[in-house]
Amino acid sequence: MPHNNYPASYYAATANAKVVRQELQENKQADVCVIGAGYTGLSTALFLLEKGFSVIILEAAKVGFGASGRNGGQIVNSYSRDLDSIERSASASAAKLIGDMAFEGGRIIRERVARYGIQCDLKDGGVFAAFNQKQMHHLEAQKALWERYGYPHLELLDKQGIQRVVASESYAGGMLDKQGGHIHPLNLALGEAEAVESLGGSIFEQSPALRIEYGDAPLVHTPKGTVRARFVVVAGNAYLGNLIPELAAKSMPCGTQVVATEPLDDELANSLLPQDYCVEDCNYLLDYYRLSADKRLIYGGGVVYGARDPADIESIIRPNMLKTFPQLEKVKIDFAWTGNFLLTLSRLPQVGRLGSNIYYSQGCSGHGVTYTHVAGKVIAEALSGQAERFDALASLPHYPFPGGQRFQVPLSALGAMYYNLRDRLGF
Ligand SMILES: Cc1cc2nc3c(=O)[nH]c(=O)nc-3n(C[C@H](O)[C@H](O)[C@H](O)COP(=O)(O)OP(=O)(O)OC[C@H]3O[C@@H](n4cnc5c(N)ncnc54)[C@H](O)[C@@H]3O)c2cc1C
């Protein structure tokens with residue numbers, strides 16, 4: 001593995017627990033071996049442990065090393081493509097099950113935070129910000145759609161309404177999700193890891209799964225040890241590499257960049273986001289931002305197809321931040337980092353089994369803080385013999401990127417340029 005420690009992010013600098021976990025150096029056995037200690041792996045492990053399974057997590061680097069420890073921290077309901085798209089892709093019964101799950105992840109996070117006393121600066125309230133009337137119409141339709149699934153926590157905002165919650169001239173309006181919200185993402189992952197260990201689960205860091213021997217009791221090999229298990233759960237997402245080639249063919253790691261300003265004085269911070277909501281805009285290549293607990297603006301955006309690390313992150317993000325908030329002209333950037341999410345062609349999660357005992361969930365396409373928490377619950381249900389919701393997710397169709405490994409990056413970038421142009425020109 002090329003990396004083994006956290007990038008120099010604001011989150012790593014303010015992590016609660018700097019626990020160093022052991023590398024796997026022996027041959028072990030458990031009911032379930034989970035590969036990857038991001039939210040997918042941790043959530044799966046927690047639900048399994050609560051059901052009485054024994055669990056070993058293998059993490060190539062450190063807990064929360066991947067997207068789970070680097071993201072915008074925004075608790076956003078639903079999926080990267082919304083429920084109307086799922087209704088078109090799945091059977092009516094599967095779409096209903098997946099639709100009902102769309103609002104469960106935020107509840108799971110809040111329940112975890114309360115039950116295990118996780119200190120991760122949880123705040124309620126998320127705003128979708130619209131640049132124009134076309135995007136406002138889209139939000140109106142989204143509200144009606146989510147209400148059809150019994151979700152009543154949305155409020156449309158006109159131009160004056162959004163200016164009361166975001167001090168920016170950029171927007172024509174927006175929509176508040178009162179059960180959206182934000183967290184310190186790495187501290188959530190670290191708290192969940194402690195909860196796993198408090199229930200008797202083991203986590204080995206610096207222990208990449210290098211090879212899986214398939215069979216009735218699969219064997220997972222790391223550089224210095226093995227885990228024999230009844231089930232394996234693959235949760236390596238954009239950092240999995242080519243461990244399972246058939247998964248790699250239908251997904252593409254993409255980078256997105258985040259900066260954290262220096263701490264703002266209270267007056268400036270409170271004027272930018274008076275209710276301390278998080279915000280994401282409605283563009284295809286969207287910007288997302290929020291305040292941290294110590295009043296920095298954490299601002300993300302940009303996508304690098306193929307997950308190459310851009311040389312100067314600040315020069316990518318700062319101009320967008322100043323377009324939204326020109327009042328931050330003199331504010332310094334203290335941290336800038338990049339992280340990888342996993343894109344699928346449909347932008348819907350990729351879920352399934354390989355044989356009868358290797359399970360996977362990945363590819364939530366940049367919108368995974370809530371989904372990954374539900375995925376853990378649904379995988380744990382399936383391993384306990386209740387596979388209805390898992391099978392609904394697994395029924396979503398997935399296709400290889402056009403152009404194969406060679407052309408997936410340029411063709412996807414071309415597609416994104418097209419959508420970006422449409423957003424800019426408003427058609
Ligand atoms: C910069 C950024 C901003 C984002 N912002 C948001 C946001 O605000 N809201 C939102 O909803 N979503 C956001 N996302 C997406 C969200 O963070 C992810 O969907 C989610 O964290 C994915 O969790 P995961 O556990 O599946 O994967 P990851 O968190 O990436 O975890 C995978 C883990 O598996 C490990 N691993 C990989 N291969 C192996 C192996 N062979 N052996 C052992 N371990 C392995 C990795 O080291 C890693 O720790 C963002 C993503 C990024 C990158």
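This is a predicted model: local features need pLDDT of at least 70, side-chain atom pairs count only at pLDDT 80 or more; totals for chains, interfaces and linings use all residues.

Trainee: Okay, how many helices and strands does the chain have?
Mentor: There are 14 helices and 17 strands. The radius of gyration is 21 Å, close to the 22 Å that the globule rule gives for 427 residues, so the chain is as compact as a globular protein of that length.

Trainee: And what box do the C-alpha atoms fill?
Mentor: Roughly 60 × 45 × 45 Å, taken along the principal axes. As for burial, 49% of the 427 residues count as buried.

Trainee: What about contacts in the chain between residues at least 6 apart in sequence, what share joins residues at least 24 apart?
Mentor: That share is 77%.

Trainee: Switching to domains. How is the chain divided?
Mentor: Into domain 1 (1-122 + 184-249 + 347-396) and domain 2 (123-182 + 252-343). Their centres, taken over C-alpha atoms, are 25 Å apart.

Trainee: Now the ligand. How many residues surround it, and which are the closest?
Mentor: The shell has 44 residues, and the closest are Gly-36, Gly-38, Gly-66, Gly-72 and Gly-368. The elements giving two or more residues to the shell are helix H2 (39-50), strand S11 (252-261), strand S15 (333-343) and helix H12 (369-383).

Trainee: How does that shell split by class?
Mentor: It has 21 nonpolar, 21 polar and two charged residues.

Trainee: You mentioned H12. Is it mostly enclosed or open?
Mentor: Largely enclosed by the rest of the structure, because 14 of its 15 residues are buried. Its end C-alpha atoms are 22 Å apart, which agrees with the 21 Å that 15 residues should span at 1.5 Å a residue.

Trainee: What comes after H12?
Mentor: Gly-385 follows, and its phi is positive, near 95 degrees. Helix H8 (residues 185-198) is followed by Gly-200, also with a positive phi near 95 degrees.

Trainee: Tell me about H8, then. How many of its residues are buried?
Mentor: 11 of 14, so to speak a mostly covered helix. The buried ones include Pro-185, Leu-186, Asn-187 and Glu-192. H8 reaches 20 Å from its first C-alpha to its last, close to the 20 Å expected at 1.5 Å a residue.

Trainee: What do those buried residues pack against?
Mentor: Helix H1 (10-13), H2, strand S2 (55-58), helix H5 (104-116) and strand S7 (202-204).

Trainee: Can we zoom in on one residue there? Why does Leu-190 count as buried?
Mentor: Leu-190, which lies in H8, is buried because 27 other C-beta atoms are within 10 Å, and the cut-off is 20 or more.

Trainee: Which residues does Leu-190 touch, leaving out those up to four places away in sequence?
Mentor: Ala-15, Asn-16, Ala-17, Val-63 and Gly-64. There's also Ile-118, 72 residues away along the chain, with its C-alpha 8.6 Å from that of Leu-190.

Definitions and conventions. Residues are numbered from 1 along each chain as its sequence is written. A residue is near a molecule or strand if its C-beta atom, placed from the backbone, lies within 6 Å of it. Helices (H or I, at least four residues) and strands (E, at least two) are DSSP runs, numbered from the N terminus. Ala, Val, Leu, Ile, Met, Phe, Trp, Tyr, Cys and Pro count as nonpolar, Asp, Glu, Lys and Arg as charged, and the others, Gly among them, as polar. The radius of gyration is taken over C-alpha atoms; the globule rule is 2.2 Å times the number of residues to the power 0.38. A residue is buried if 20 or more other C-beta atoms lie within 10 Å of its own, exposed if 12 or fewer, and partly exposed in between; C-beta atoms are placed from the backbone. Two residues are in contact if their C-beta atoms, placed from the backbone, lie within 7 Å. The expected span of a helix is 1.5 Å times one less than its number of residues. Domain bounds come from an automatic or database domain assignment.
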